[in-house]
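This report looks at a ligand site and at the aromatic side chains of one model. The sequence and the structure come first.

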Amino acid sequence: MLEYILKRTAGAIISLFVVITLIFVLLRLMPMEGYFGAEYDKLSEEVRASMLAEKGLDQPIYVQLFNFYKSLFQGDLGKSWIYRPNYPIVKILEKKIPYSLKIGVISMIFSLIVGIPLGAVMARFKGKFADKLGTAFIAIVEALPTAVLMLFLQLFFSSWFNLSLLFDKNNYATWVLPIFSISLLSICSYAMWMRRYMIDNINMDYVKLARAKGVSGSRIMFRHVFKNAFVPMAQFLPGSVLSTIIGSIYIEHLYSIPGTGSLLIDVIQLQDNTMVQALVLIYAAIGIAGMFLGDVLMALIDPRISFVKKGDDR
Amino acid sequence: MENYLQNKEVILSVKDLSVRFSLRGKSLHAIRGVSLDVYKGESLAIVGESGSGKSVLTKNFIGLLDKNGTIDKGEILFEGMDLAKFKTEREWAKIRGKKIAMVMQDPMTSLNPLKTIGWQISEALILNRGMNHAQAKAETLNILKDVGISEPERRYKQYPHEFSGGMRQRVVIAIAVACSPEILICDEPTTALDVTIQAQILSLIKDLCRKYGMTTIYITHDLGVVANVADRIAVMYAGDIVEVGTSEEVFFDPKHPYTWALMSSLPQLGEKGHELYSIKGTPPKLFGVIRGDAFAPRNPQALKIDYMVRPPYFEISPTHKARTWLLDPRAPKIDPPECLKRLKELENIESGDMDE
Ligand SMILES: Nc1ncnc2c1ncn2[C@@H]1O[C@H](COP(=O)(O)OP(=O)(O)O)[C@@H](O)[C@H]1O
Ligand SMILES: [Mg+2]
């Protein structure tokens, strides 16, 4: 087990390294207008050189990369160029991350708590009313374009329940709609996959044996099938962490939540490249951590995964 | 063999059972009027090619018929109840595992991969014998020893993937005998296993049935293994039992042409340099009505009447009967194939694969 986790950790660190390097290099390969605006070409040679030198862009790319990693290891993500000129990015993020993190984590937990049991209940009563209702609900949510659905939620729910259209960190009632909006899609996909995996499992031989030994229908569902169906779910969860994050970028924008998602949209529009770089790095790290956790979770549930073959036992 | 029936009481009685499946709008007649008595304490083998309905027949005994199947006629009498009339899971809960248990074909997929084998055996004990966890654990360790698993304390905590096929089948058997059922159905319990392990599993089942006083119904498509385990043999063809008798009767005095064909394809009867006999043709389609003797189209010596009227059972002895017109006094005399005589010379028929 330990060996398995160590292997996965190494894998995760390597992927993170590759992703960061790639982002860094790609941003450096952008035309210089990307850094200094449309006027760049018209400037004199000396001015350009001094502008480059000021930002350390005159050095060869591998030196820049080395310097970037060096400061990264000291916890320094560099300075913002345009968003808040020469202000340390870490300081900017310090205020933004807690909002995104709180909303993201609450949404994740909420979607798991609602989505997984919903799928399980639908599988248990396959073809019955509860299943049909759930399937119809999922179909509607999946079929509507996300942007339309989210706007609809914001406008109608805020007027029905008399909630504010915008987010206010001190008023917890205003947290409800964004969290619900972010969760809705993951709830539907969790429910759909859980239902599918459970139904797949119901037809397996071990379920027949369990029935033959006198285990009741509900007990089979919840003591035997549930865990087995959850194994492929665990693998699929990291991807959904990512989609929760991506969902939250749009939702933060929609509700003016002062988090990293709306920040990313702002800095891309401003072409503040060090900020873009820092944010993409954080999102990539979250994504990779999600996959890592998915692997570990699966290994915890499924004894076959971290199993080291012991020939003498067989 | 008149004395076979002495002191024997019928534990399960199937009367004119008919089972149909609906499949894409069509109706498939899988069990076509089977009658069969099972005697307490005996070991009964049901043999026949695959697709002949062995599994479907016995699944009815524990109410595990596939959802698209229905019993449209007949009775299954057991302890004063008619199992064919059972509708609800609650009714079956009293039977399944407790009174009638089943060992299935594929031990590789029959166990829950995420639960320890100790948990899986204990579960049967807790649910069916009302034990608490500590009692169930102690009893599980006993049963593990009984089914020949060494170091039960250590094995208890292990998962199915840590066991080989043969060992897993022992675990499956342990689960089945955990509730000391009256009847143990073994549906091709060795088909998925290595030949060397097959013999071990067979003798294990035999020993356990004696020890726990269980009645065994042993399903196989391999006539070779039957000789070792069965007191009585029922031969199935196309959803019907065409011949039934004690092992000696069926082996040494078979009457039905299908039984002859089955036995002729035993590898033990093959001669060096000759190709092993195999039954020509394919079993009939079970959609629609079968006229006459279902085996007639594959039987080169079939009589005219075999194509027209379904033969009744003819009694050869109180324990031996067969459904073939050859036993009618008016029928021409047709002898069983020569090679079957050599069966008597072969004292010990060992396991071997029948041609399917
Ligand atoms: N669920 C089902 N739906 C339709 N046909 C089935 C079903 N289960 C079994 N059958 C058919 O019933 C016949 C008997 O099958 P089975 O009892 O499994 O044979 P076997 O003797 O090999 O155990 C076969 O023709 C099979 O195709
Ligand atoms: Mg079968």
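The sections below describe a predicted model, beginning with the ligand and going on to the aromatic rings.

Oxygen atoms of ligand 1 meet polar backbone atoms of chain B: the distance is 2.7 Å at B:Gly51, 3.0 Å at B:Gly53 and 2.9 Å at B:Val56. Ligand 1 taken alone exposes 560 Å², of which the protein buries 74%.

## Aromatic pairs

Over all chains, the structure holds 20 aromatic pairs. In one of them, A:Phe157 and A:Phe161 are tilted, with 5.7 Å from centre to centre and 55 degrees between the planes. Both residues belong to an aromatic cluster that also includes A:Phe152, A:Phe156, A:Trp160 and A:Phe180. A:Phe161 has a relative accessible area of 52% and is therefore exposed, the cut-off being over 50%.

In chain B, the ring centres of B:Phe251 and B:Phe252 lie 6.5 Å apart and their planes stand at 50 degrees, so this pair is tilted as well. B:Phe251 is buried at 4% relative accessibility, whereas B:Phe252, at 35%, is partly exposed.

## Charges over rings

The charged end of A:Arg124 sits over the ring of A:Phe125, at 5.5 Å from the ring centre. In chain B, the charged end of B:Lys26 sits over the ring of B:Phe287, 4.4 Å from its centre.

Notes: Residues numbered from 1 in each chain as written. Chains lettered and ligands numbered in written order. Predicted model: local features only at pLDDT ≥ 70, side-chain atom pairs only at ≥ 80, totals over all residues. Heavy atoms only, no water. Polar contact = N/O pair within 3.5 Å; in protein donor to acceptor, adjacent residues only side chain to side chain. Areas by Shrake-Rupley, 256 points an atom, 1.4 Å probe, with all protein chains shown as cover. Phe/Tyr/Trp six-rings, centres within 6.5 Å; stacked < 30°, edge-to-face > 60°. Buried < 20%, exposed > 50% of the residue type's maximum accessible area, 1.4 Å probe, protein only. Lys NZ or Arg CZ within 6 Å of the ring centre and 35° of its normal.
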